[in-house]
Amino acid sequence: MDTNKATANTMIEGMLQTALISAPIPILVFEGLDMRLTYCNDALLELWSRDKSIIGKTFLEIRPEQRDQPFPELLKNVFLTGKPHTDSEALAYIVKNGMPVAYYFDYSYTAIRDQTGIIIGILVICRDVTQQVLAKNKVLESEARFRNTVLQAPVAMAIIKGPDFIVETANKESLQLWSRTADIIGKKIAEVFPEVQEQGFLNILNQVYETGELYHGNEVPVELMSSWQRITVYIDLVFHPIFEEGRVTSIMTVGYNVTELVKARKDAEKSEAAAIEARNKLELALAKKDEFISLASHELKTPLTSISGYLQVMERSNFEGRNKLFVQKTFQQVKKLSSLVSDLLDVSKIEAGRLQLVRCPTVIREVIDEAIDLIRHAHPDQEIGFSSDADNVSVNVDRHRIEQVLMNLLSNAIKYTPGNEKIEIRLSADNTNVKVEVQDRGIGIAECHRTKIFSKFHRIDELNPVISGLGIGLYISRQIIERHAGDLWVDSEPGKGSSFCFTLPL
Ligand code: ADP
């Protein structure tokens with residue numbers, strides 16, 4: 001029976017020996033306080049890149065580089081106290097090809113005692129976890145890099161972790177945008193921002209978390225509590241899912257505060273709307289005014305024509321002395337009134353695009369002669385000079401309208417020339433145009449008024465109310481000339497006189 005037991009023990013010992021030798025983790029035994037290696041398996045020889053000749057040597061003889069590492073001291077401690085020592089992911093340098101190489105180990109030191117309980121050696125079991133540690137470090141490093149990127153980003157960035165949306169990282173731009181301080185880190189979004197729940201942001205976060213789909217919104221209005229008052233900020237917002245092993249574990253929020261931009265645009269839109277409203281009102285008022293002028297001048301035209309007719313009859317009747325003079329004066333005033341009403345009617349026609357031209361071949365010299373006659377009749381004392389080098393030139397124009405322009409230029413020349421200084425009319429032509437010039441030696445026109453006098457109702461203020469007028473004669477004249485594809489302009493020197501010229505294409 002005893003012999004059988006001894007045989008069984010020897011077999012078990014043999015099996016254990018084999019198991020230890022072929023175990024995939026390094027196992028070794030040191031004996032004595034100087035840690036002399038008495039046993040090691042193949043995995044250890046492979047780790048240390050050595051052969052069995054190391055057996056019988058001390059730890060420091062085999063691995064002199066361990067002198068500066070904590071392990072000899074830790075082994076000694078276990079040997080002296082009997083207390084086992086374990087550690088995980090411990091860094092150890094092993095010299096390979098003359099260079100120290102970093103390894104990480106999970107290991108245990110256990111005291112070995114003899115039958116009397118005295119410590120005689122140490123069993124060392126270690127597991128090389130270098131690859132796992134390096135991989136883990138890489139993940140940690142990239143996580144740290146990511147967190148740093150978030151913290152240093154120039155826009156508001158934060159990481160919200162887990163299904164409870166715990167604020168894991170938030171840079172200072174985020175805290176500023178959210179009107180919060182760093183003590184929100186580690187807290188749930190729902191606790192930190194009770195005000196955003198009702199605005200639907202938790203639902204959006206839930207959706208991103210569940211579907212893994214990115215959310216982004218532009219100029220999203222967000223109401224936040226700031227010092228116990230609600231403020232509205234506008235944010236360009238992104239909720240970016242972060243995946244780990246294929247599932248969303250956190251959400252990165254990126255926000256860019258565009259409140260000032262949105263406000264500035266809204267203000268601009270408001271003032272633009274106000275400007276449009278004002279412009280519409282003005283256009284409406286102008287349209288009403290034009291409508292009134294058109295209506296009033298039409299209404300005046302008919303009675304004025306009748307009055308003129310009656311006055312003409314009266315003029316031819318046997319009125320004598322003062323009565324005759326009164327009739328003549330009245331007739332003159334009515335003529336003036338008629339011409340004003342005609343001008344106003346013309347303005348309405350121009351505005352409505354209804355100024356008709358009745359063109360026929362016209363010798364311009366004849367039109368000038370007629371105009372001079374009419375002016376001489378009304379102003380017998382006025383000296384008018386006329387020179388022409390285009391006597392027979394004929395153009396296809398509306399004779400009455402061209403005469404209207406001439407009459408306007410001539411009566412202006414008289415009106416704005418104090419005293420009866422001579423007015424000169426010149427007619428000339430070249431290959432393309434006929435040109436008429438009316439020159440006076442009157443008050444002249446300052447530079448700043450020279451373009452404006454051709455616009456509707458523009459009169460030079462200083463002349464009001466000394467010289468009467470509506471400020472529409474030149475406007476109508478220019479429209480007439482331009483409708484004939486010609487030009488009308490003025491050259492002038494204040495105090496010396498003006499020269500109005502127009503051309504008509506041949
Ligand atoms: P009105 O003479 O009825 O005011 P016009 O349209 O004919 O209107 O002229 C516009 C303005 O141009 C006048 O009010 C006047 O100030 C200026 N103007 C026109 N002709 C002359 C001129 N020959 N000399 C100086 N100023 C002139």
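Residues are numbered from 1 along each chain as its sequence is written, and side-chain values use heavy atoms, with hydrogens and water left out. Because the model is predicted, local features need pLDDT of at least 70 and side-chain atom pairs count only at pLDDT 80 or more, whereas totals for chains, interfaces and linings use all residues.

The protein is divided into domain 1 (21–128), domain 2 (134–351) and domain 3 (360–505), with bounds that come from an automatic or database domain assignment. Between the C-alpha centres of domain 1 and domain 3 the separation is 120 Å.

The ligand is surrounded by 22 residues, of which Asn412, Tyr416, Asp440, Arg459 and Leu474 are the closest; a residue is counted here if one of its heavy atoms lies within 4 Å of the molecule. This shell divides into 11 nonpolar, eight polar and three charged residues, where Ala, Val, Leu, Ile, Met, Phe, Trp, Tyr, Cys and Pro count as nonpolar, Asp, Glu, Lys and Arg as charged, and the others, Gly among them, as polar. Helix 13 (399–415), helix 14 (473–483) and strand 17 (497–505) each supply at least two residues of the shell, and helix 13 gives the most, with four residues; helices (H or I, at least four residues) and strands (E, at least two) are DSSP runs numbered from the N terminus.

An N or O atom in the side chain of Tyr416 lies 2.7 Å from an oxygen atom of the ligand, while an N or O atom in the side chain of Asp440 lies 2.9 Å from a nitrogen atom of the ligand. At Gly471 a backbone N or O atom is 3.2 Å from an oxygen atom of the ligand. Of the 520 Å² of accessible area that the ligand has on its own, the protein covers 97%, as computed by the Shrake-Rupley method with a 1.4 Å probe; for residues, only the protein chains shown count as cover.

Val436, in strand 15 (residues 433–439), is buried with a relative accessible area of 1%. Contacts of Val436 (heavy atoms within 4.5 Å), not counting residues up to four places away in sequence, include Ile364, Leu406, Leu427 and Phe502.

Positive phi values are found at several positions. Most residues other than glycine have a negative phi. Met35, which is not a glycine, has a positive phi of about 55° and lies in the loop between strand 1 (27–31) and strand 2 (36–40); Met35 counts as buried because its relative accessibility is 4%. Glu245, with a positive phi near 45°, is found in the loop between strand 9 (229–244) and strand 10 (247–257), and counts as exposed at 86% relative accessibility. Just after helix 14, Ala485 takes a positive phi of about 65°.

Methods
Polar contact = N/O pair within 3.5 Å; in protein donor to acceptor, adjacent residues only side chain to side chain. Buried < 20%, exposed > 50% of the residue type's maximum accessible area, 1.4 Å probe, protein only.
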